[in-house]
Amino acid sequence: LQDIMRYLIRFRAAGHRPDPETYRLCVHGAMKVKAYHDAAKIFDMELRDRVTPTPDTYPQILDIVAKSITFTENTVKMAENWLRRLLWNKVPVNPDVVNSVIAAYKEMGQSQRARHWLVHMRKFGIQPNFFSYKLTLEACARGGEGNFAMWTIKEMREVFVPDARCYAFAIEAWYKMNPETHFEDPARDLIDQMMDDKVEPDSSVFLAITNPLIASGWVERMELYKQKIFDDTGLKKRLLDYNRIMLIYSKAHPMDSKKLVRTYRELVRSGVHPNYHTVQILESALGWQARKKLMTDYNYGHVALKAPPRLRTQKAGGLGRLYMVQAKTKAREGEDYFCPNCGEFNEHYMLRCKGCGAPTPANGKKFRDEDAEESGIDG
């Protein structure tokens with residue numbers, strides 16, 4: 001591969017222009033050994049030489065650059081620039097290649113750029129496929145762009161039949177933009193459209209449409225959606241659905257404890273195992289004694305009130321960069337630990353957390369005593 005790069009540079013320096021097939025062989029050779037950076041450099045040479053790439057030269061490069069786990073905004077803009085130059089040179093572009101850029105902007109939470117490329121495809125005569133619309137709707141849901149989501153799903157219904165996840169993304173986007181408009185809003189009409197299109201509902205639709213009902217505890221509206229999505233269609237409820245129903249019952253004014261207990265019994269009898277969130281809902285609504293008796297009667301008294309400690313993935317600073325942090329657990333002295341405040345990893349010899357500056361477990365009491373002495377508080 002190094003020899004290929006050296007001879008290619010010399011070939012171009014001598015004033016010659018390699019043909020598309022030569023560039024294709026070089027790019028595929030670099031991709032074969034997973035030298036993606038060199039493949040990108042060769043592809044950039046081809047575009048700078050104004051050589052029209054073959055249809056199988058660029059899709060994999062654009063996909064890798066756009067979807068890389070460690071991508072930054074600059075690399076996505078590089079892929080975007082390559083794609084734009086391909087379209088201007090009238091190179092045949094597959095919709096899946098544009099979907100790579102849309103998916104990258106979805107991960108970055110930039111729904112406007114994702115929507116821009118959906119519109120841009122049609123300007124250059126590329127027909128968006130089903131996943132082009134679905135990725136754009138998910139980007140709108142992450143960014144809270146309700147109007148974009150409504151326009152996108154309206155356009156999608158003209159050429160495709162959206163699935164339940166598409167409707168859930170559109171509803172979630174609308175409620176993120178308009179959290180107080182659950183009395184009369186377009187999101188409610190989407191449920192009727194979904195039923196008219198004979199789309200099989202999904203649990204995600206129920207969770208999205210009932211999310212704004214939690215704060216107000218609007219039981220009647222929740223039961224209406226439950227009737228449409230679960231009872232009328234025969235869809236089986238999951239643990240998340242039961243927890244959402246019980247949570248809305250607990251937030252009602254006044255609280256309907258009979259329906260809450262009835263929902264919990266239905267959960268257990270259907271073979272679904274409650275988790276710590278179920279325990280928290282029951283205890284906050286009924287008190288710890290009633291919660292303990294209710295769960296012990298069904299042999300679930302062992303379920304803990306807090307989430308078990310485990311490794312989980314969180315986003316750090318956006319741009320799709322992911323890192324692993326541990327759940328908030330009490331660290332012992334003399335051990336490396338993850339800060340319970342910010343999730344930063346700290347070695348055992350650190351005096352304060354590298355992320356938020358909180359005292360480590362070994363020095364917490366020492367710093368509290370020093371602060372008390374400085375403020376003049378005894379003990």
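Me: Where is the place of A35, in terms of the helices on either side?

Reply: In this predicted model, A35 sits in the loop that runs between α2 (20–32) and α3 (36–48).

Me: Why is A35 called buried?

Reply: The relative accessible area of A35 is 16%, and since the word buried applies under 20%, A35 counts as buried. Not counting residues up to four places away in sequence, A35 touches L1 and A30; with L1 the separation is 34 residues in sequence and 8.8 Å in space, taken from C-alpha to C-alpha.

Me: What makes the nonpolar surface patch, and how is I4 classed, buried or partly exposed?

Reply: The patch is made by L1, I4 and V33 and covers about 230 Å². I4, which is found in helix α1 (residues 2–13), has a relative accessible area of 35%; because buried means under 20% and exposed means over 50%, I4 is partly exposed.

Me: Why is the pair E138 and K106 called a salt bridge?

Reply: The closest N and O atoms of E138 and K106 are 3.7 Å apart, and because the cut-off for a salt bridge is 4 Å between a side-chain nitrogen of Lys or Arg and a carboxyl oxygen of Asp or Glu, the pair qualifies as one. The bridge links distant parts of the chain, with E138 in helix α8 (residues 130–143) and K106 in helix α6 (residues 95–108), 32 residues apart. Both E138 and K106 are buried.

Me: What makes K134 and D163 a salt bridge, and where in the chain does each partner lie?

Reply: Their side chains meet at 3.1 Å, N to O, and that value falls within the 4 Å that the term requires. This pair, too, links distant parts of the chain: K134 belongs to helix α8, whereas D163 lies in the loop between α9 (146–159) and α10 (164–177), 29 residues apart. D163 has a relative accessibility of 23% and therefore counts as partly exposed.

Me: How do you know that K293 and D297 are about one helical turn apart, and how is each classed, exposed or partly exposed?

Reply: K293 and D297 are four residues apart in helix α18 (residues 288–297), which means that about one helical turn separates them; their side chains meet in a salt bridge at 3.3 Å, N to O. K293, with a relative accessible area of 55%, is exposed, because that term begins over 50%, whereas D297, with 49%, is partly exposed.

Me: What makes helix α12 mostly covered?

Reply: Eight of the eight residues of α12 (residues 203–210) are buried, among them V205, F206 and L207. These buried residues pack against α10, α11 (186–196), α13 (213–216), α14 (219–231) and α15 (239–251).

Me: Which members of the largest nonpolar core touch the most other members?

Reply: Of its 59 residues, L137, I171, V205, F206 and Y264 touch the most other members, and α10 gives the most to this core, with ten residues. Apart from it lies another core of 40 residues, among them L87, V97, V98 and V101. In soluble globular proteins, nonpolar side chains tend to be buried together. Leaving aside neighbours within four places in sequence, Y264 is in contact with residues including M246, P274, L294 and Y300.

Me: What is the share of buried residues in the protein chain, and how many helices and strands does the chain have?

Reply: Buried residues make up 43% of the 379 residues, and the protein chain has 19 helices and four strands.

How values were computed. Residues numbered from 1 in each chain as written. Predicted model: local features only at pLDDT ≥ 70, side-chain atom pairs only at ≥ 80, totals over all residues. Heavy atoms only, no water. Helix = DSSP H or I, 4+ residues; strand = E, 2+ residues; numbered from the N terminus. Buried < 20%, exposed > 50% of the residue type's maximum accessible area, 1.4 Å probe, protein only. Patch = residues over 30% accessible without salt bridge, like charges linked within 9 Å, V, L, I, M, F, W, Y side chains within 5 Å. Areas by Shrake-Rupley, 256 points an atom, 1.4 Å probe, with all protein chains shown as cover. Core = buried A, V, L, I, M, F, W, Y, C linked by side-chain atoms within 4.5 Å. Contact = heavy atoms within 4.5 Å.
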